[in-house]
Amino acid sequence: MTQPLISVIMPTYNQAGFVGEAVESVLRQTYKHFELIVIDNFSSDHTEEIVRLLTLKDSRIKYIKFSNEGIIAKSRNVGIRESRGEYL
């Protein structure tokens, strides 16, 4: 029986100090059939650099830059549209 794909959606903005740890936390889960979609609201710190380095280490991570115009739900909606998982 094939395990269902789970989509993890992680909006972020200027969280360079925490985003690496958050991504690593997802990667350490015991359930391994997932995709992690990080939606970055054009951070002005090193968030993009950190996430892009992590995408090189694990192909399950997808990085998207998206201007949510101050409405965080827009970022989540982009993640939902881009997801391929059976569950979010």
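Phe42 counts as partly exposed, because its relative accessibility is 46%; in this scheme a residue is buried under 20% relative accessible area, exposed over 50%, and partly exposed in between, with a 1.4 Å probe and protein chains only. The structure is a predicted model, in which local features need pLDDT of at least 70 and side-chain atom pairs count only at pLDDT 80 or more, while totals for chains, interfaces and linings use all residues. Residues are numbered from 1 along each chain as its sequence is written, and side-chain values use heavy atoms, with hydrogens and water left out.

Phe42 belongs to the loop between strand 2 (34-40) and helix 2 (47-57), where helices (H or I, at least four residues) and strands (E, at least two) are DSSP runs numbered from the N terminus. Most residues other than glycine have a negative phi. Phe42, although not a glycine, has a positive phi of about 50 degrees. A positive phi, near 55 degrees, is also found at Glu69, a residue other than glycine. Glu69 is placed in the loop between strand 3 (61-65) and helix 3 (72-82), and it counts as exposed because its relative accessibility is 61%. His46 lies in the loop between strand 2 and helix 2 and is exposed, with a relative accessible area of 53%. The C-alpha atoms of His46 and Arg84 are separated by 27 Å, the two residues being 38 residues apart along the chain.

An open sheet is formed by 3 strands in the order 1-2-3, and the pairing is parallel; two strands pair if DSSP finds at least two bridges between them. Strand 1 and strand 3 stand at the edges with a single partner strand each, so one side of each has no neighbour in the sheet. On average, and with direction ignored, neighbouring strands of this sheet are turned by 20 degrees against each other. For such angles, axes are lines fitted to C-alpha atoms, for helices over the stretch in contact, and the values run from 0 to 180 degrees between N-to-C directions. Helix 2 packs on the sheet and touches strand 1, strand 2 and strand 3, its direction making about 150 degrees with that of strand 3; contact means heavy atoms within 4.5 Å. Helix 3 also packs on the sheet, touching strand 1, strand 2 and strand 3, and its direction makes about 150 degrees with that of strand 1.

Strand 2 is largely enclosed by the rest of the structure, because 7 of its 7 residues are buried. Phe34, Leu36, Val38 and Asp40 point one way from this strand, and Glu35, Ile37 and Ile39 point the other way. Strand 2 pairs with strand 1 in the parallel sense over 7 bridges, and Glu35 of strand 2 is the bridge partner of Ser7. Strand 2 also runs parallel to strand 3, to which 5 bridges join it. Val38 stands opposite Tyr63 in strand 3, and the bridge partner of Asp40 in strand 3 is Lys65.

Strand 1, helix 1 and strand 2 make a right-handed β-α-β unit. The chain then crosses from strand 2 through helix 2 to strand 3, and this β-α-β crossover is right-handed. A crossover is right-handed if, with the strands pointing away from the viewer, the path from the first strand over the helix to the second runs clockwise. In helix 1 (residues 19-27), the buried residues are Val19, Gly20, Val23, Val26 and Leu27. Seen down the helix axis, these residues fall within an arc of 125 degrees, so they line one face of helix 1; the arc is that of the directions from the helix axis to the C-beta atoms. Strand 1 (6-12), strand 2, helix 2 and strand 3 are among the elements that cover the buried residues of helix 1.

Two residues of strand 1 were considered individually. Ser7 is found in strand 1 and counts as buried because its relative accessibility is 2%. The side chain of Ser7 reaches the backbone nitrogen of Gly85 at 2.9 Å. With neighbours within four places in sequence left aside, the contacts of Ser7 include Glu35, Ser83, Arg84 and Tyr87. Thr12 is likewise found in strand 1 and is buried, with a relative accessible area of 10%. Under that exclusion of neighbours within four places in sequence, the residues in contact with Thr12 include Val19, Val38, Asp40 and Thr47.

Methods: Polar contact = N/O pair within 3.5 Å; in protein donor to acceptor, adjacent residues only side chain to side chain.
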